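Here is a short briefing on one protein structure. Look through the sequence and the model first, then read the points below.

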Amino acid sequence: MSSETSNAVGGASYASAGVDIEAGDRAVELMKEWVKKTRRPEVLGGLGGFAGLFDASALKRYERPLLASATDGVGTKVDIARQLGVYDSIGHDLVAMVMDDIVVCGAEPLFMTDYICVGKVHPERVAAIVKGIAEGCVLAGCALVGGETAEHPGLLGEDDFDVAGAGTGVVEADRLLGADRIRKGDAVIAMASSGLHSNGYSLVRHVLLKTAGLSLDSRIEEFGRTLGEELLEPTKIYSLDCLALTRTAEVHAFSHITGGGLAANLARVIPDTLHATVDRSTWTPGPVFDLVGRTGSVERLELEKTLNMGVGMMAIVPGESTDVALDTLADRGVEAWVAGEITDRGEHTTGAELVGTYSH
């Protein structure tokens, strides 16, 4: 049957099924200028190919290059962005979730791809999301080499969307960071988070929006801004700060504090024979953590295994390297402090624990 005949009798089409190819093409045109800003010398070609190309001959300067990869999303934080109609900041969150996982092993971020799923393609919205991802890639020092925008009518509402990404980095084999480098007496350095980052939003939304009935437009005095602005604060991207630290100080390991909280994520890089003790009295969690705990009567341990409690990244360094490490981070505008130490693991201890009471 010809297309003319099919249309004459009201035949089905991709557009009638809810997919707008022209809107998708417009979204690609709008995002091109932002993707260009992330370009690294190793990137070949432009946006629009079936695959992103990265010149691997750049790795010849490594004696034994190890590729590191990670993939992630930003969870239900996207619903806050949807409700507020703010789409660019969520891209920073995506880059942070992926590239700060990669830098934990000491790897330099190289390139990233994204996947954006929407109920209906609104070109300007999609371009705003990509703009945020591109800006995040610049902050992480990586290229955005490609991605996919998928329209899923019938599965998602017209304003619904989700984002995910995958990234690749590289590290010299003999500079790989991790548990085997950690020694008794090492110091645990905490780096401040910019807020909730991108984890625990199911709990936060349940407590603040559903149970307490707060509006995203509500002005919260402790924040000095609206609840929505606080909840959408972009995740801090630590990649280049961590790499700078490895160049100025001896670093044994990093830990990215994401889902599962501080103790659980720190324990992931602690060897079986050692134990990390983190002293709560060395910092004061931001007011958003207190609001969630107080409003929802959430027990401290529940908060700590769900939220980052004001710490987004941790570095484990030899005790004699702490001053240099703290100076380096301060020079880069990163708030950091010595929060704990590495000791022998006792019979009844796990890989990491929090002790003491938070400072006020």
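Which residues does proline 109 touch, not counting residues up to four places away in sequence? Proline 109 touches Arg40, Met99, Ala140, Gly141, Cys142, Thr168, Gly169, Ser239 and Leu243, where contact means heavy atoms within 4.5 Å. This is a predicted model, in which local features need pLDDT of at least 70 and side-chain atom pairs count only at pLDDT 80 or more, while totals for chains, interfaces and linings use all residues. Residues are numbered from 1 along each chain as its sequence is written, and side-chain values use heavy atoms, with hydrogens and water left out.

**Proline 109**
- Proline 109 is part of strand S4, residues 108-118; helices (H or I, at least four residues) and strands (E, at least two) are DSSP runs, numbered from the N terminus.
- Proline 109 counts as buried because its relative accessibility is 1% (buried means under 20% relative accessible area, exposed over 50%, partly exposed in between, with a 1.4 Å probe and protein chains only).
- Between the C-alpha atoms of proline 109 and valine 170 there are 6.8 Å, although the two residues are 61 residues apart along the chain.

**The sheet**
- An open sheet of 6 strands has the order S10-S12-S7-S13-S11-S14, with mixed pairing (two strands pair if DSSP finds at least two bridges between them).
- Strands S10 (253-256) and S14 (352-355) are at the edges, each with a single partner strand, so one side of each has no neighbour in the sheet.
- From one strand to the next, the twist averages 25 degrees (axes are lines fitted to C-alpha atoms, for helices over the stretch in contact, and angles run from 0 to 180 degrees between N-to-C directions).
- Strand S11 (residues 274-279) and S14 run parallel and are joined by 4 bridges.
- Threonine 277 has glutamate 353 in S14 as its bridge partner.

**The nonpolar cores**
- The largest nonpolar core has 76 residues, and Leu266 and Met314 touch the most other members (a nonpolar core is a set of buried Ala, Val, Leu, Ile, Met, Phe, Trp, Tyr and Cys residues joined through side-chain atoms within 4.5 Å).
- Helix H4 (residues 89-102) gives the most to this core, with 8 residues.
- Another core, of 19 residues, lies apart from the largest one; among its residues are Leu177, Cys242, Ala249 and Ala315.

**Helices H6 and H10**
- The axes of helix H6 (residues 201-211) and helix H10 (residues 287-296) come within 9 Å and cross at roughly 60 degrees.
- Val204, Val207 and Leu208 of H6 meet Leu291, Val292, Thr295 and Gly296 of H10 in this contact.
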